[in-house]
Amino acid sequence: MTVEVRALRPEDDRQSFRSGDEALDLFFHRYAGQNQFRHHVGVTCVAVAKDRIQGFVTISPGQLEAPTLPSWRRMPPYPVPILRLARLAVDRAVQGRGVGRLLLRHCFELAERMRDELGCVGVLVDAKPNAVDFYRLYGFEEIQAVEGESQQRPRPVPMFLPLAAVPPKPR
Ligand SMILES: CC(C)(COP(=O)(O)OP(=O)(O)OC[C@H]1O[C@@H](n2cnc3c(N)ncnc32)[C@H](O)[C@@H]1OP(=O)(O)O)[C@@H](O)C(=O)NCCC(=O)NCCS
């Protein structure tokens with residue numbers, strides 16, 4: 001099955017998507033479109049096969065205080081640019097078939113483009129506790145909370161992957 005990853009379009013059918021995580025599904029059904037097309041606060045990329053959305057990832061540029069980073073001693077003493085992976089979910093019907101990996105790989109490519117055109121030192125994610133091991137597989141490491149305590153429960157785990165540590169693309 002060919003899966004294409006591309007930016008969300010206004011005409012995409014988002015309502016039939018179900019990841020099993022109610023908050024992520026609600027975000028995708030109700031807010032992903034207006035955030036992207038009206039407010040421009042983030043972009044959602046979708047994995048699509050046969051006109052059906054299999055998964056999505058929402059990203060936006062961000063910044064981090066350098067001392068938060070594992071390799072901050074080589075960084076300048078002011079906030080540095082990162083790509084924030086805000087949300088990631090795969091439809092329950094196709095979980096475990098490589099769609100999450102594909103979307104993550106797409107984020108790495110975007111972060112590398114951002115590095116080359118605007119500046120970017122790595123990818124930051126607030127991981128749900130059940131997804132921490134998923135991000136670890138790709139080299140993300142837990143870092144100290146950067147913006148105070150999150151009100152979300154269960155509390156997300158901030159994790160960071162320096163661009164220099166992005167795993168090579170398998171052939
Ligand atoms: C977490 C999620 C995005 C993973 O997507 P997926 O398409 O099911 O994952 P993939 O099939 O691409 O898996 C890639 C690898 O990650 C592993 N993996 C997948 N989910 C995992 C999890 N929750 N914990 C640990 N490893 C996981 C797979 O076993 C696979 O390993 P392999 O390459 O050694 O075979 C998906 O299960 C999901 O949407 N879950 C509900 C919402 C959620 O928790 N989102 C994360 C928000 S931070």
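The protein has three helices and seven strands, where helices (H or I, at least four residues) and strands (E, at least two) are DSSP runs, numbered from the N terminus. This is a predicted model, in which local features need pLDDT of at least 70 and side-chain atom pairs count only at pLDDT 80 or more, while totals for chains, interfaces and linings use all residues. Residues are numbered from 1 along each chain as its sequence is written.

Starting at the N terminus, the order of elements is β-α-β-β-β-α-β-α-β-β. The radius of gyration is 16 Å, close to the 16 Å that the globule rule gives for 171 residues, so the protein is as compact as a globular protein of that length. This radius is taken over C-alpha atoms, and the rule is 2.2 Å times the number of residues to the power 0.38.

| Property of the protein | Value |
|---|---|
| Span of the C-alpha trace along the principal axes | about 45 × 40 × 30 Å |
| Share of the 171 residues that count as buried | 27% |
| Share of contacts with a separation of 6 or more that join residues 24 or more positions apart | 66% |

A residue is buried if 20 or more other C-beta atoms lie within 10 Å of its own, exposed if 12 or fewer, and partly exposed in between, with C-beta atoms placed from the backbone. Two residues are in contact if these C-beta atoms lie within 7 Å.

Beyond four places in sequence, Val-123 touches residues including Ile-82, Phe-108 and Leu-161.

Met-75 lies in the loop between β3 (52-64) and β4. It is partly exposed, with 16 other C-beta atoms within 10 Å. Apart from neighbours within four places in sequence, Met-75 contacts Ala-66, Leu-69 and Val-80.

The ligand is surrounded by 21 residues, the closest being Gln-95, Gly-100, Arg-101, Ala-131 and Asp-133; a residue is near a molecule if its C-beta atom, placed from the backbone, lies within 6 Å of it. At least two shell residues come from each of β4 (80-90), α2 (99-117) and α3 (132-136). By class, the shell has nine nonpolar, seven polar and five charged residues. Here Ala, Val, Leu, Ile, Met, Phe, Trp, Tyr, Cys and Pro count as nonpolar, Asp, Glu, Lys and Arg as charged, and the others, Gly among them, as polar.
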